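Welcome to this tour. Open the structure in your viewer, keep the selection tool at hand, and we will go from stop to stop.

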Amino acid sequence: MKKILVANRGEIALRVMKTARQMGIRTVAVFSTVDRNAPHVKFADEAVCIGEAPSNQSYLLGDKIIEVAKELDVDGIHPGYGFLSENAGFAEKVEHNGITWIGPGSKAIKIMGSKLAAKDAVKDYDIPMVPGIDQAITDPEKAKKIAAQIGFPILIKASAGGGGKGMRIVEKESELEDQMKRAISEAESAFGDGSVFIEKYVGSPRHIEIQVLADSHDNILHLFERECSIQRRHQKVVEEAPSVILDDELRKKMGEAAVKVARACEYVGAGTVEFLLDENKNFYFLEMNTRLQVEHPVTELITGIDLVEQQIKIARGEVLSFSQEDLRISGHAVELRVYAEDPLEDFMPSVGLLERYRGPSGEGVRLDDGFEEGMEVPIYYDPMLAKLITYGKTRQEAIQRMLKAISEYEIKGVSTTLPFGKFVFEHEAFRSGDFDTHFVKKYYSAEKLESQTREEAELAALVALKQYLQDREQLRLPNK
Ligand code: MV4
């Protein structure tokens, strides 16, 4: 493989190209008109404009991207995350055009794109699932019978849904029929597929996901877990590895279950198997993400494995060069997603000019970003500016380094979630490890952040005043 096209933008496009270059592979960027001066375009060996700013006129134009790849004699296409990364049709077309798809087979993408198909695929593999049904349901009377069996509250989910879209909690039977009708029509209009199903609602779960790697020679490994419970409206904000809640025994069990899920869909490449973990540490398979995830760096830091390098090697048909026994967790990593959003204004996107942009650096600090000072943050794409990742020998050290890095990060011109990140990493519930997916809803408010910031400013002013008075004493400055 001599040349790779990265069908993406921002930090992940850069991230992929950096590994490709290290491997001696040439890189091709594609870009939209607003991204013409973006870092991923400057970094690439070659770059081609593929259209206007809106994604559906550029980064989602699969045929156009394949055309560019063929013109430039590209050997492989890496899709990053989002955009075309989980589009089975695109993966297929890439391969049909004689280009290597750096991702899983289209069959696995298709299966995991449907929650019901995923349940069906794994049903003979002895994988724990939330009590519920594995068939689409439309008849409210039948739904009532099933709900009575599994017990309220229940959750109605859309088979084609993802990221929490189309989910409805039903507390009691009298609400069921109405909620089901709404769920079906919502799923119909949002995904063009009205299939919904029912599960027992797990009230206070943690969200734990397992990284897997599978080569095309039937070897499947797991690279342990990531704790992703700190999220806001299904948008992850803080991730870490390992999770404080797993012991070696549970880690092994969940890792083995994840490997079975990958086996069930004949997975090849890097993938993530999502689980819910309830208060009694029972785990349940939720879904599988058939792409490289945003939060992959925390896994890289604790395992020492470059996941993009592995993706490329697997796509080249190589055999994994290590086994499960070779893998160890070393140290602890935490990640903060830095969004151009205002945490004091209900996380409203805050686009504009990056008047000042200086990232932190130092021991145990990794910054994956795709912006530079003087750049405009475009309104057309995800508002994530950067991922700040810190590593330490212990969780405590990783968190300390994170707080220091947050304080050194200089961003002016747009509001960011940096102060929100500081709130999370300083919070007692986070530090003690006693939290679930309701952390943000339960503990965070703009008022709290504001008063915390005000108190700190007052304290800083007092410290400065004290120092000033002390200095004046010691210097014996003339008073009048
Ligand atoms: C659940 C659940 C509770 N019980 N399923 C949300 C996104 C989708 N991937 C699955 N999700 C959930 N499924 C049952 N049976 C709670 C969630 C959920 C959640 C899961 C992971 C991370 C954050 C979440 C936030 C709210 C709800």
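What volume does the second largest pocket have? The second largest pocket has a volume of about 430 Å³. A word on the model before you select anything: it is predicted, local features need pLDDT of at least 70, side-chain atom pairs count only at pLDDT 80 or more, and totals for chains, interfaces and linings use all residues. Residues are numbered from 1 along each chain as its sequence is written, and side-chain values use heavy atoms, leaving out hydrogens and water.

**Stop 1: the pocket**

Select Thr 416, Leu 418, Pro 419, Lys 422 and Thr 453, the closest to the pocket's centre of the 22 residues that line it. (On a 1 Å grid over the protein atoms alone, a pocket is an open set of points with protein on both sides within 12 Å along at least five of seven lines, a cavity is a set where a 1.4 Å probe fits but cannot get out, and lining residues have an atom within 4 Å of a point. A volume is the space filled by probe spheres set on the points, which are joined across faces, edges and corners.) Next, colour α16 (446-475), which gives the largest share of this lining, 6 residues. Helices here are DSSP runs (H or I, at least four residues), as are strands (E, at least two), numbered from the N terminus.

**Stop 2: the ligand**

Now select the ligand and show Lys 157, Glu 199, Lys 200, Val 202 and Glu 287, which come nearest among the 17 residues around it; being near takes a heavy atom within 4 Å. Zoom in on Glu 199: one of its polar side-chain atoms lies 2.8 Å from a nitrogen atom of the ligand. At Lys 200, a backbone N or O atom is also 2.8 Å from a ligand nitrogen atom, and at Val 202 such a backbone atom lies 2.9 Å from a nitrogen atom of the ligand. Strands that give two or more residues to the shell include β6 (154-158) and β8 (196-200).

**Stop 3: the largest cavity**

Which residues line the largest cavity? Select Lys 115, Ala 118, Lys 119, Phe 197, Glu 199, Phe 285 and Leu 286. The volume of this cavity is about 60 Å³, and α6 gives the most to its lining, with 3 residues.

**Stop 4**

Finish with Trp 101, Arg 291 and Gln 311, which are among the residues lining the second largest cavity. Its volume is about 40 Å³.

Technical notes. Polar contact = N/O pair within 3.5 Å; in protein donor to acceptor, adjacent residues only side chain to side chain.
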